[in-house]
Amino acid sequence: MKGFTSRKAPYLFIAPAIILLTVFSLLPIFVALFISFTDMDLAGLADYSNLSFVGIKNYINVLSDPVFLKAIFNTLFYVIIGVPLVILTSLGVALLINLGKSKLFKVFRVVFYLPSVTNVVAVAVVWAYLYNPAFGLFNYILESMNLSAIPWLTEPTVAKISLILMALWRAVGLNMIIFIAALQGIPRSYYEAAELDGANTWQQITAITLPMLRFAIFFVSITTMIGWLQFFEEPFIMTKGGPLDGTMSAALFIYKNGFQLSNFGYAAAGSFVLFIAVIAVTLVQYKVQNKESDY
Amino acid sequence: MNSNKKDKLFQWIAGIVLTLGGIMFVLPFIWMILSSFKTESEVILIPPTLWPQGFTFENYKNLFENMNFAVYLKNTLIIVLFAFFGMFLNAMAGFGFAKYNFKGKDGIFFMVLATMMIPSQVTMIPVYLILNKMNLTNTMLGIVLPGLVGAFGIFLFRQFMTTIPDEIIEATRLDGASEFRTFVQIILPVSKPILAVQAILAFIGGWNSFLWPLIMANDEKLYTLSVGLSLLKSQYGGNFALQMAGATFMVMPIIIIFIIFQKNIIENYTTSGLK
């Protein structure tokens with residue numbers, strides 16, 4: 001018997017991955033739930049005897065914490081503005097690229113995909129410079145067109161939109177590719193039949209393309225929404241959650257309380273609220289999707 | 001005739017719209033690269049110069065001589081190596097799920113997929129506490145372990161390996177090869193297409209890793225390029241040319257790798273059949 005015998009083999013093959021996933025993905029859920037009912041902080045981390053149960057106090061406190069409520073509001077703002085923007089933009093780009101007949105259109109796939117492979121931190125540093133009120137390129141362009149400068153990152157609501165624009169720029173690529181893949185899966189004969197019936201391009205898009213893309217749109221909206229709920233690096237690098245907590249996201253709130261203030265129990269309670277939101281959003285979307293595909 | 005003309009017009013409009021959008025999409029990169037070769041006094045000129053007037057490599061020299069970018073680069077490359085190792089573990093698990101029948105298989109596989117649903121913010125704090133308990137904070141192992149394997153990678157390997165014919169595996173078994181040798185010598189070579197894509201993604205993921213190094217590393221000797229760059233931004237907020245040099249240094253390798261392999265990456269999504 002050398003190496004892996006065939007009865008033990010499958011377990012040995014999956015063991016490393018399963019152990020790592022258990023320790024770093026599944027077990028943490030229970031640990032997080034447990035510590036969200038304790039006052040875990042640096043003292044508790046050093047010696048577990050300093051740990052005491054506080055019941056649902058963390059949850060009550062976090063739900064009445066104005067900064068957390070603001071973070072939830074901002075996160076909803078990101079989701080409500082960001083998700084439709086990402087879907088419309090990437091679908092639009094995908095449709096245009098897919099309708100193009102020249103080879104040149106393949107180049108556009110690369111151009112629009114490029115931002116999504118690049119590093120968030122580097123990109124955030126670059127955009128912070130572009131957004132700079134005094135030396136930034138964007139305000140210079142606006143002023144040279146005789147438009148007034150925009151307080152990109154210094155006014156709470158504008159700052160949220162600025163972060164959304166940057167994240168949109170990064171999000172279009174991957175979702176565009178998903179849409180292009182789905183578009184290429186639509187049988188050509190559908191369009192030929194529609195053309196014979198005299199349907200124009202716009203009618204073909206609304207009557208054939210969009211209904212056929214339902215699953216892709218569903219998939220993109222779910223993943224995009226979960227992504228926005230976890231919005232973190234962009235506000236962390238560009239605004240630190242400011243001005244006046246105007247760009248603070250739920251994820252950044254959890255990070256700040258956990259790793260900068262070491263209120264682990266409190267942050268864990270916040271993270272569970274976020275987790276429940278993610279699950280709820282997914283379930284609602286799933287229900288809506290099921291209903292739509294009934295007919 | 002008429003519809004042909006219309007179609008031509010439409011092609012032109014689509015081309016023009018995409019070109020304008022494309023210019024906007026690459027503009028931040030172009031501005032980043034050009035600014036990285038300007039002097040600090042030139043980047044804050046109003047009106048700004050497009051082409052660097054006093055073309056200089058000073059900013060890049062600064063990154064390595066006065067800042068610790070050499071250390072950050074070394075750490076980042078170590079993380080990339082670990083990411084390749086993690087990909088190997090994903091491939092092993094994918095093979096286990098694809099080609100064997102064993103007790104509890106469906107349940108375990110479902111559990112693997114379920115981990116994709118868990119947001120990283122929920123696991124962030126408990127994973128830190130677990131690693132702290134294992135005395136792995138502020139170590140390289142602590143930085144790489146949490147993200148070493150991933151459900152999505154396992155899933156993609158499983159999908160691909162299910163399509164490998166059983167006969168190939170049976171034949172090597174009859175030759176007396178061990179199961180692990182079968183995996184390394186038969187399965188991995190056959191899985192080249194998926195390995196190529198996963199390797200590129202592993203490189204990009206490792207090169208870009210930010211969150212765990214940020215949380216686990218207490219001092220600069222374990223910082224990655226991402227963490228180092230965010231430190232640079234907060235310490236030298238006004239030195240835009242220096243920041244752009246750091247950003248260019250991080251982004252350019254990825255852009256080059258992506259442009260070389262873009263066919264594999266984009267086709268992977270197109271053929272993986274999301275329809």
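In the predicted model, the centres of domain 1 and domain 2 of chain B, taken over C-alpha atoms, are separated by 37 Å. Domain 1 of chain B covers residues 3-56, and domain 2 of chain B covers residues 68-236.

The size of an interface is often given as the accessible area lost when the parts come together. For chain A and chain B, the area buried between them is about 8500 Å², of which 82% lies on carbon and sulfur atoms. Within the part of this area that chain A buries against chain B, A:Phe13, A:Phe24 and A:Tyr129 supply 10%, more than any other three residues. The contact draws on 92 residues from chain A and 93 residues from chain B, while the count of salt bridges between chain A and chain B is 0.

Over all chains, the structure holds 4 salt bridges. In chain B, the side chains of B:Lys99 and B:Asp166 meet in a salt bridge with an N to O distance of 2.9 Å. This pair links distant parts of the chain, with B:Lys99 in helix H4 (residues 69-99) of chain B and B:Asp166 in helix H9 (residues 166-174) of chain B, 67 residues apart.

Residues of both chains also take part in lining the second largest pocket, whose volume is about 1000 Å³. The lining comprises 25 residues, and those nearest the centre of the pocket are A:Leu99, A:Lys101, A:Glu195, A:Gln204 and B:Asp7. At least two lining residues come from each of helix H4 (66-99), helix H8 (156-184), helix H9 (188-196) and helix H10 (201-212) of chain A, and likewise from helix H1 (2-36) of chain B. Helix H1 of chain B gives the most to this lining, with 6 residues. By residue class, the lining of the second largest pocket divides into 9 nonpolar, 10 polar and 6 charged residues.

Key. Residues are numbered from 1 along each chain as its sequence is written. Chains are lettered from A and ligands numbered from 1 in the order in which they are written. This is a predicted model: local features need pLDDT of at least 70, side-chain atom pairs count only at pLDDT 80 or more; totals for chains, interfaces and linings use all residues. Side-chain values use heavy atoms; hydrogens and water are left out. On a 1 Å grid over the protein atoms alone, a cavity is a set of points where a 1.4 Å probe fits but cannot get out, and a pocket is an open set with protein on both sides within 12 Å along at least five of seven lines; lining residues have an atom within 4 Å of a point. Grid points are joined across faces, edges and corners, and a volume is the space filled by probe spheres set on the points. Helices (H or I, at least four residues) and strands (E, at least two) are DSSP runs, numbered from the N terminus. Ala, Val, Leu, Ile, Met, Phe, Trp, Tyr, Cys and Pro count as nonpolar, Asp, Glu, Lys and Arg as charged, and the others, Gly among them, as polar. Domain bounds come from an automatic or database domain assignment. Contact means heavy atoms within 4.5 Å. Buried area is the accessible area (1.4 Å probe) that two parts lose on being put together, summed over both.
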